[in-house]
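Please look over the sequence and the structure shown here before reading on, and keep them in view while you work through the points.

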Amino acid sequence: MKSNRLLTTALTSALSLSMVLTGCSSESGKSTEGAKAPAGEKSTKPVEISIWGGWPELDPWFQKMADEFKKTNPNVTVSISSFPLRDYEKKVAAALPSKSGADILPLNPNLALRYIQGNMLQATPEDLVKQVNSGIHQKLVVDNTKVKDKTYGVPALMGAGAIYYNKDMLKEAGLTAPPTADQLLEYAQKLAKRDASGNLERAGMSLRLSGGGSGVGEKFWNLLAQRGGSIIKEASPGKYKADYNTDAGLQTLKMYVDMVHKYKTDDPKVKHDTEAFQTKLAAFYVRESNVIIDTKKKAPDLNYDAAPLKANVVSIVNFYVSSAQKEKAEAAWNFIRFITKPENHAQMIAMTGWLPARDDLDLSNLYKDYPQYKAFFTKQDLQAYPPVAEFDEILTKFADRLATKGFTDASFVDNPEKMKAFLDEAAKETNDILKKAGVLAE
């Protein structure tokens, strides 16, 4: 659920082209503003609207909602298409300037910002603006719908982390409570298991040590957030600087180094992440909510639960409308009104595993079947991707440094000066990117 730095060129071209095209204008040449799509307005004229997405697991929910919507809107047909996430982002970048994109687009607000600035996405109708600002969403979520004090999009879903732990393994180790964000190293040492030769056969905590893209950096960021740190911070309005070459960053890196090299509670050679947890090759790890539905399918007998983090890095997705054609825009907004009704939005969790980005849902029945979801609906300090176009480049390059040096250098053990030098070098690269973008806090 992240923007891809490789999209920068395509997005820049998209914005340039939008200056030549008529932008998001209707056939009369006027933008379709929120006032033109009043709540509940219906037409009997046949209309087809489309949804694109980069999360195929959402398709069954979209289809169910489309079928239910058609019962009271028989003239509206909703078509649903999903693609691999990066392909979806590229498809959107190519389609919006030529006004050939889907009518409804779930997008990360950072990615949507470029299209909003290029007048390719419609402003949110007033009744939905009131819904967004009604108190059902946390401030961070609401802030991610604002562009220059105007609302674009409606909060759809978010990714957030929790600590998944194997209850049988904790009981075996004499641990009566789940690990907290401050006990990860302690629990990792108590839960790791080795064979007679000392080889690790079960990780204590399964860490994200490798992988493509910025995922390594994002997982480091979430653990860094438990200590109050971030990847970059806003030092003054619109100006940022690296925020991981700090004591919080040092302590987070030290935890990784100690787990891998000092106490050997994890090893790059063993299986990792969800596969390791589901096959009982790891006692606990931190991951997003879609693990719950996936585990129900792949390891239905796994005796596990989830514990909350004290802070969370969330990836937010909003529903945006691109169509400027009056009938399509009205139908699109009406469908968004329908799927964000509390009873409908709540169904997304059990059907897809993703979390609606709101706090007003009655989830008591969900908790009976999936008690693990409770860990995601606790009061936490939240961080989100900052409104910096180059942030994914920053996170990806930092992730590469972590995977190829930070997590692999055994000489970092008990050597804080060497770890600090590593973080300072990485932070210089981060700040150089910010400076080139014109947003570095000098």
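The model is predicted.

**The largest pocket**

- Among the contributing elements, α4 gives the most to the lining of the largest pocket, namely six residues.
- When the lining residues are divided by type, 19 are nonpolar, nine are polar and nine are charged.

**A β-α-β unit**

- Strand β1, which covers residues 47-53, pairs with strand β2, which covers residues 76-82, in the parallel sense and over seven bridges.
- Within this pairing, S50 stands opposite S79, a residue of β2.
- Together with helix α2 (residues 59-72), the strands β1 and β2 make a β-α-β unit that is right-handed.

**An open sheet of five strands**

- Five strands form an open sheet with mixed pairing, and their order is β8-β9-β12-β7-β13.
- The edge strands of this sheet are β8 (193-194) and β13 (304-307), each of which pairs on one side only.
- Strand β8 pairs with strand β9 (residues 200-205) in the antiparallel sense over two bridges, and R194 stands opposite L200 in β9.

**Helix α13**

- Helix α13 (residues 326-339) has 14 residues and reaches 20 Å from its first C-alpha to its last, which is close to the 20 Å expected at 1.5 Å a residue.
- Because 11 of the 14 residues of α13 are buried, this helix is largely enclosed by the rest of the structure.
- The buried residues of α13 include A329, E330, W333, N334, R337 and I339.

**Residue A225**

- A225 lies in helix α9, which covers residues 215-225.
- Is A225 buried or exposed? Its relative accessibility is 5%, and since buried means under 20% relative accessible area, A225 counts as buried.
- A225 and A299 are 74 residues apart in sequence, and from C-alpha to C-alpha they are 30 Å apart in space.

Methods
Residues numbered from 1 in each chain as written. Predicted model: local features only at pLDDT ≥ 70, side-chain atom pairs only at ≥ 80, totals over all residues. Heavy atoms only, no water. Helix = DSSP H or I, 4+ residues; strand = E, 2+ residues; numbered from the N terminus. Nonpolar A, V, L, I, M, F, W, Y, C, P; charged D, E, K, R; others polar. Pairing = 2+ DSSP bridges. Right-handed = clockwise from strand over helix to strand, strands pointing away. Expected span 1.5 Å × (residues − 1). Buried < 20%, exposed > 50% of the residue type's maximum accessible area, 1.4 Å probe, protein only.
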